[in-house]
Amino acid sequence: MAKKEISPEDIRSIEPRLLADLLYEAIGRDKQLYSRVETLLLANDPSQLVKEIAKRIASIARGRKFIDYRHSFALADTIQSIVEDIERLVRDENEALKLLKKLILTDEKVYERCDDSTGVVQTSYAYAQELWRRYAPRTLDAKRLLNETRDLLILEGYGLRDILSDAMPPGVLEKLYEETLQNYLQTTDRFESYTQKHLLLELAQLLHRPSLYLDTLKAGGKEITEHDYLDIAKAYRKEGEAEETLHYLSLIDPLPFNSHHDYFDTLIWAYQQRGDEAAITEAYRRWYEVSHASDKLKAYLERLEPEAARKARQKALGELDRLTFAQRLELFMTLDAPDLCAAYLREHREEIETEYISNATLTEVTTWLAEAYPQEAILLWRDRVEHTLSRSISKYYPFAIKALKKIATIEKGHDTRDWYIEPNRDYIDKLAKEHNRKVKFISLLEKAFGER
């Protein structure tokens with residue numbers, strides 16, 4: 001029986017001659033593999049090796065053709081293979097850094113002509129930046145390190161490249177801070193100002209002086225926002241200073257929009273350092289009230305005494321009208337209240353809305369309900385079927401069939417004589433009549449359940 005995965009040890013066990021023949025066949029079909037083998041053959045000729053890798057980088061730089069989504073993966077593999085060859089084969093780190101710089105500086109033109117919606121190309125460039133970040137502080141003197149960092153630090157139109165490191169000498173970081181501050185105070189461009197401000201914060205963190213960032217904003221007459229206070233609090237958290245973290249969190253009012261997780265996560269960390277259990281409990285209560293996230297409610301309830309937990313549970317149930325349909329289902333599951341969930345679904349059948357619930361979550365909820373409350377589980381799946389068919393997009397019809405099969409499985413395990421919902425066969429007949437013009441759906445339906 002073939003192994004699921006072939007390990008490096010498996011490859012090494014193959015007779016070299018056979019492996020060489022196989023590789024020779026493969027490079028005739030794969031240009032990237034051919035380039036890599038060509039590079040490997042130069043491993044003992046450092047000068048030619050560098051030229052070969054530089055040639056591969058130049059090929060990326062010369063590219064002009066638009067790279068669509070499908071081909072972005074091949075480009076990402078090409079970039080990553082270059083970085084891997086630099087790391088594995090180029091022994092002179094000065095030469096490696098020169099090659100990495102050339103490669104990294106191709107990113108702007110590549111991004112402009114590439115659909116990288118999955119982020120795979122960006123991830124490959126991040127690998128190059130990580131290797132540069134590792135080599136540069138230990139290889140370059142302070143003057144050259146400063147110059148090279150200046151050249152690479154900002155990617156115009158996109159923000160900062162990730163090349164800074166706390167391994168850099170403080171003098172280099174301080175010089176970068178001074179230069180960045182001058183640029184920040186002088187620029188009138190909004191995007192550039194945001195980039196420079198983010199860089200000031202990162203440099204202050206690397207210098208282990210978070211307050212430097214705040215002092216800079218004050219000295220420059222810049223407005224200090226709630227986001228700034230949160231950034232400073234998070235920076236002090238990295239330094240392990242709970243009291244400073246709490247101080248800056250206390251200055252935040254109101255909470256920054258879409259920053260609830262960072263705020264409360266940082267707040268709870270600081271209270272944990274203090275050992276303040278009551279404050280942690282209160283933080284979880286507030287976190288649930290602003291987020292309505294069921295995991296935060298669960299964490300809050302677990303910290304309460306039984307009577308207090310009962311009251312908090314009732315309070316949460318009394319606020320159902322403030323929640324989305326998905327949040328209501330999550331709340332019922334968090335409270336382990338399938339009876340209440342089923343009753344809600346029966347009484348609010350017109351409000352069932354599964355369109356924005358993932359299949360994984362819907363499966364979890366219906367599995368939880370199905371044994372004791374099969375009809376209500378079926379109502380959820382039927383809503384999913386109807387939403388799927390309402391889109392009239394044939395590629396989604398198999399999902400509707402899968403949902404109908406789940407319904408059939410639930411129904412099969414129960415006595416349906418006293419059910420208030422119609423039998424599955426009647427429901428399928430109704431769907432077939434309503435959607436008889438959806439030829440692909442009808443074909444799939446007949447294949448799964450027989451001709452109607």
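This is a predicted model: local features need pLDDT of at least 70, side-chain atom pairs count only at pLDDT 80 or more; totals for chains, interfaces and linings use all residues.
1. Helices H3 and H4. Helix H3 spans residues 31-40 and packs against H4 at an angle of about 160°, with the two axes 9 Å apart. Since angles over 145 degrees count as roughly antiparallel, H3 and H4 are therefore roughly antiparallel to each other. Their crossing is left-handed. On the H3 side the meeting residues are Ser 35, Arg 36, Glu 38 and Thr 39, and on the H4 side they are Leu 49, Glu 52, Ile 53 and Arg 56. By class, this contact of H3 with H4 holds four charged, two polar and two nonpolar residues.

2. Arg 56. This residue belongs to helix H4, which covers residues 46-62. Is Arg 56 buried or exposed? Its relative accessible area is 10%, and because buried means under 20%, Arg 56 counts as buried. Setting aside residues up to four places away in sequence, Arg 56 touches Ser 35, Arg 36 and Thr 39, and also Ser 81, Ile 82 and Asp 85. Of these, Ser 35, Arg 36 and Thr 39 are among the H3 residues that meet H4.

3. Helices H22 and H23. Here H22 comprises residues 374-390 and H23 residues 397-412; their axes come within 9 Å and cross at roughly 165°. The pair is therefore roughly antiparallel, and H22 passes H23 in a left-handed crossing. From H22 the contact draws on Pro 374, Ala 377, Ile 378, Trp 381, Arg 382, Val 385, Thr 388 and Leu 389, while H23 supplies Tyr 397, Ala 400, Ala 403, Leu 404, Lys 406, Ile 407, Ile 410 and Glu 411. The residues of this contact divide into 12 nonpolar, one polar and three charged.

4. The nonpolar core. How many residues does the largest nonpolar core have? It has 132, and those with the most contacts inside it are Val 121, Trp 132, Leu 331, Leu 345, Leu 380 and Leu 404. Leu 404 also takes part in the contact of H22 with H23. Beyond its neighbours within four places in sequence, Val 121 is in contact with Ser 72, Leu 75, Ala 76, Ile 79, Val 110, Tyr 111, Cys 114 and Asp 116.

5. Lys 296. The residue lies in helix H17, residues 294-302. Lys 296 counts as buried because its relative accessibility is 13%. Apart from residues up to four places away in sequence, Lys 296 touches Tyr 284, Trp 287, Tyr 288 and Ser 291. Lys 296 and Glu 411 are 115 residues apart in sequence, with a C-alpha to C-alpha separation of 34 Å.

6. Most residues other than glycine have a negative phi. His 292 lies in the loop between helix H16 (277-291) and H17, and its relative accessible area of 13% makes it buried.

7. A cis peptide bond. Most peptide bonds are trans. Which residues does a cis peptide bond join? The bond links Asp 253 and Pro 254, with omega of about 5°. Pro 254 is found in the loop between helix H14 (242-250) and helix H15 (260-274).

Note on methods: Residues are numbered from 1 along each chain as its sequence is written. Side-chain values use heavy atoms; hydrogens and water are left out. Helices (H or I, at least four residues) and strands (E, at least two) are DSSP runs, numbered from the N terminus. Buried means under 20% relative accessible area, exposed over 50%, partly exposed in between (1.4 Å probe, protein chains only). Contact means heavy atoms within 4.5 Å. A nonpolar core is a set of buried Ala, Val, Leu, Ile, Met, Phe, Trp, Tyr and Cys residues joined through side-chain atoms within 4.5 Å. Axes are lines fitted to C-alpha atoms, for helices over the stretch in contact, and angles run from 0 to 180 degrees between N-to-C directions. Angles under 35 degrees count as roughly parallel, over 145 as roughly antiparallel, 65 to 115 as roughly perpendicular and the rest as oblique. A crossing is left-handed if the near helix is turned anticlockwise from the far one by less than a right angle, and right-handed if clockwise. Ala, Val, Leu, Ile, Met, Phe, Trp, Tyr, Cys and Pro count as nonpolar, Asp, Glu, Lys and Arg as charged, and the others, Gly among them, as polar.
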